[in-house]
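Me: Hi! Could you walk me through this fold before I start working with it?

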Amino acid sequence: MEILEKSAIEVKNVSMMFNLSKDKVSGLKEYIVKSLKRQLFYEKFWALRDISFDVKRGEVFGIMGLNGAGKSTLLKLIAGVFKPTSGSITVRGEISPLLELGAGFDVEVSARENIYMNGAMYGHSKKYMAQKYDEIIDFAELWEFEDVALKNFSSGMVARLGFAVATSVKPDILIVDEILGVGDYKFMAKCIERIEGMISGGTTALMVTHDIELIKRMCSRAILLERGKVICGGDMKDVVAVYGDPGVCAGLEAGADDSQAKLS
């Protein structure tokens, strides 16, 4: 497959294998004993097999598939959370991954403290976060709770705060994984509006969602994963049509390798 130089993301023949333990280990002591005696047995699980595609600069690219298809694993590889077992991933630009909103928050301290702490995790200075503070709290709609410990927050409030912090800066590449149900419909509309604003400003986006209407609205191209393999890819309308027809999906699975050439 020909990869254009202007691509923001290039994924070439990427596979990801995990070792799954066959035995139940009750604690660290038992794990160490079994490990020393070489009594730990693993089963290989291939979460992804030979995945290839490219995402052009400024493009909104969808990754579709049922639960367990490998979508989140693929996003974590692109975000640098995992390293592929084989193949290569090239990313050109700063990534802002919206994978697990609120990950890294300390529930024992306030929203105010978490904003500065989480900002530091994204590489932002205290001065920068101070400049963004009012915007973050206002977007998350948490003015009444800014000095309340997060352990007293609902999961929706934590997610709203996480989204506001993660999108407080315009990244080169935005990765969105099933996080748009972070509040009521009005807040979800705000999230979509912010993402669309980033995209219209030139941000490249990778999107995973089971909301077909949303992905049709925002994405131009996509791939469809099934059991860790690409079974089709290309124009969004074509991929959505396949996704909505399980019989077609099953028929295409045998020709997954041939579909790779259609993604450029």
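The chat below covers the sheet, a helix that crosses it and one valine.

Reply: Happy to! This is a predicted model, where local features need pLDDT of at least 70, side-chain atom pairs count only at pLDDT 80 or more, and totals for chains, interfaces and linings use all residues. Residues are numbered from 1 along each chain as its sequence is written, and side-chain values use heavy atoms, with hydrogens and water left out.

Me: Great. What's the strand order in the open sheet of six strands?
Reply: The order is β5-β6-β7-β3-β8-β9, and the pairing is mixed. Two strands pair if DSSP finds at least two bridges between them. The strands (E, at least two residues) and helices (H or I, at least four) are DSSP runs, numbered from the N terminus.

Me: And which strands stand at the edges?
Reply: β5 (95-98) and β9 (229-235), each with a single partner strand, so one side of each has no neighbour in the sheet. From one strand to the next, the twist averages 15 degrees; angles run from 0 to 180 degrees between N-to-C directions, with axes as lines fitted to C-alpha atoms, for helices over the stretch in contact.

Me: Is β6 covered on one face or both?
Reply: Both: Ile173, Ile175 and Asp177 are buried on one side, and Leu174 and Val176 on the other. Buried means under 20% relative accessible area, exposed over 50%, and partly exposed in between (1.4 Å probe, protein chains only).

Me: How does β6 pair with β5 and β7?
Reply: β5 and β6 run parallel, with four bridges, and Ile95 has Ile173 as its bridge partner. Five bridges link β6 to β7, also in the parallel sense, with Val176 partnered by Met207.

Me: Which helix lies across β6?
Reply: Helix α2 (residues 71-79), which runs at about 155 degrees to β6 (173-177) and also lies across β3, β5, β7 (204-208) and β8.

Me: Switching topic: what joins β3 to β8?
Reply: Four bridges, with β3 (residues 60-64) and β8 (residues 221-226) running parallel. Gly62 stands opposite Ala222 there.

Me: Now Val239: where is it?
Reply: Val239 sits in helix α8 (residues 236-243). Its relative accessibility is 1%, so Val239 counts as buried.

Me: What is Val239 in contact with, beyond its neighbours within four places in sequence?
Reply: Met64, Ala222, Ile223, Leu224, Cys232, Gly233 and Gly234. Contact means heavy atoms within 4.5 Å.

Me: And how far apart are Val239 and Gly62?
Reply: They are 177 residues apart in sequence and 9.5 Å apart in space, C-alpha to C-alpha.
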